[in-house]
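Please read them with the structure open.

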Amino acid sequence: MATPSDEHDLVDRARGGDVDAYAALLAAHQGAARRLAAALGGSGDADEVTQDAFIKAWYGLAGFREGGAFRPWLLRIVANEARNRRRAAGRRAGYELRFATDRAAAQPGTAPSPEAAVLLTESRRSVVDALAALPEGLRDVVACRHLLDLDERETAAVLSLPRGTVKSRTSRGLRRMARTLEGEGRG
Amino acid sequence: MDDLIRTLADLGRHLELPADGDPAAAAAARIRAHRRPFVSASETNERRTRTRVLAAAAVVVALALVLAAPGPRGAVARLLGVDGIEITRGEVDPTLSRALDLGRPIPVVTALDDAGGVTVPGLGPPDGAYAGRPRDGVSLVWAATEDLPAIAGTDTGAVLTVFPADAIRIGKVAAGRTGVTEVRVGDHRGYWIGGEPHEVVYEAPDGRTTSARLAGNTLIWSDGERAYRLESALDRADALAAVSAGG
């Protein structure tokens, strides 16, 4: 992992036109970028969204504030690309997240029965459906905070929202999801 | 609620992504193949030199066609402009729409390709792109933000339109109260058109107008190969700084 000073050096070189330096920066952050693209735009186009965002970020490097943090800047561009793509697709494309459900269903240290595994998988699917049913302003915040485990500050930076808005939307989103799940008989 | 949060975290750890996906390598390969990091106005001098003679000849012909063609602008007090764009003084129709007329939406990366990598470095990555207005042109669009106020009558913060400079494709009609000032954009001559709204017309090859609208503050310039038009609510200094950032 690059240290902050390494990263600043890479950013400086990338701003000077060094594609290798830029590629090194992308490689360091592409895991987070791909997960963010999937969480906000759905799993199907995640890599395409990420790639396009990386290219757009290259063209925007001159606007990157010198000495600033590269990761939230890059992730904000990924988030914008994912949301723009999602809006452009409109109703033609749903929000679909894919999970490695067999591994997600397994509890650490235990081997659930086939019936229990099915119930766990269904339970998780209900949570995903409840997340997908949220208005996008709430869904994006809940996805960043709890699906991706970004803290409030980074969520605010990535989604270009005030921290207070992140906090209130997180609460509202979780409450709505809980109500939806209660309506389905899941507490 | 805690149960829900734990389930979301668990799902997040198992979010499935394509096993062999490497968008970082793919993006770097595309950049190496086609792109420069960003091209500000001052970096396009080489291309201008290469095409200046050809473009200048084409502009002379195009201007002759435009001047010969019947147009809506009435009396022409004087003629200014750069390759691909002409500015005339005349009456502006105040009833025209302020809505942007940029053509059909296209992917931003396609527009960046078509624009030869030219963007507005100071504004960061564009938020959208369009093609077809004017003909053979692409427009990069930035949404309005706290730092980038909206162009009057729109929710857009800035539009950079790039198109071939081999013929007049955009005409501008500036009323008496609209300021038209010659500026330098990097190494290139350009004009700042500010103050009262001016009229923008897209022109067909025969010089006829295909549409018209009112526009706000605009910076225009050309490198001989392409013409550039940046419309925003920025003042002249901020627009020039945004175009030249990093150049």
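1. One salt bridge can be named at the outset: B:R30 pairs with A:D52, and their closest N and O atoms lie 3.4 Å apart. Between chain A and chain B the count is two salt bridges. The distance in the named pair falls inside the 4 Å cut-off used for such a bridge.

2. Polar contacts between chain A and chain B come to nine residue pairs, with both residues at pLDDT 80 or more. On the chain A side, the elements that give two or more residues to the contact include helix 1 (4-15), helix 3 (46-59) and helix 9 (163-183) of chain A. By class, this side of chain A has 30 nonpolar, 10 polar and 12 charged residues.

3. How much area do chain A and chain B bury between them? The figure is about 4200 Å², and 68% of it is on carbon and sulfur atoms. In chain A, the residues that lose the most area to chain B are A:I55, A:K56 and A:Y59, which together account for 18% of what that side buries.

4. Counted by residues, the contact takes 52 from chain A and 41 from chain B.

5. A caution on confidence: this is a predicted model. Chain A has an average pLDDT of 83, with 82% of its residues scoring at least 70. Within chain A, confidence is lowest in helix 5, at a mean of 50, and highest in helix 7, at 94. Both helix 5 (101-105) and helix 7 (136-147) of chain A are among the elements that give two or more residues to the side touching chain B.

Key. Residues are numbered from 1 along each chain as its sequence is written. Chains are lettered from A and ligands numbered from 1 in the order in which they are written. This is a predicted model: local features need pLDDT of at least 70, side-chain atom pairs count only at pLDDT 80 or more; totals for chains, interfaces and linings use all residues. Side-chain values use heavy atoms; hydrogens and water are left out. Contact means heavy atoms within 4.5 Å. Buried area is the accessible area (1.4 Å probe) that two parts lose on being put together, summed over both. A salt bridge is a side-chain nitrogen of Lys or Arg within 4 Å of a carboxyl oxygen of Asp or Glu. A polar contact is a pair of N or O atoms within 3.5 Å; within protein, one must be able to donate a hydrogen and the other to accept it, and residues adjacent in sequence count only if both atoms are side-chain atoms. Helices (H or I, at least four residues) and strands (E, at least two) are DSSP runs, numbered from the N terminus. Ala, Val, Leu, Ile, Met, Phe, Trp, Tyr, Cys and Pro count as nonpolar, Asp, Glu, Lys and Arg as charged, and the others, Gly among them, as polar. pLDDT is the predictor's confidence in each residue, from 0 to 100.
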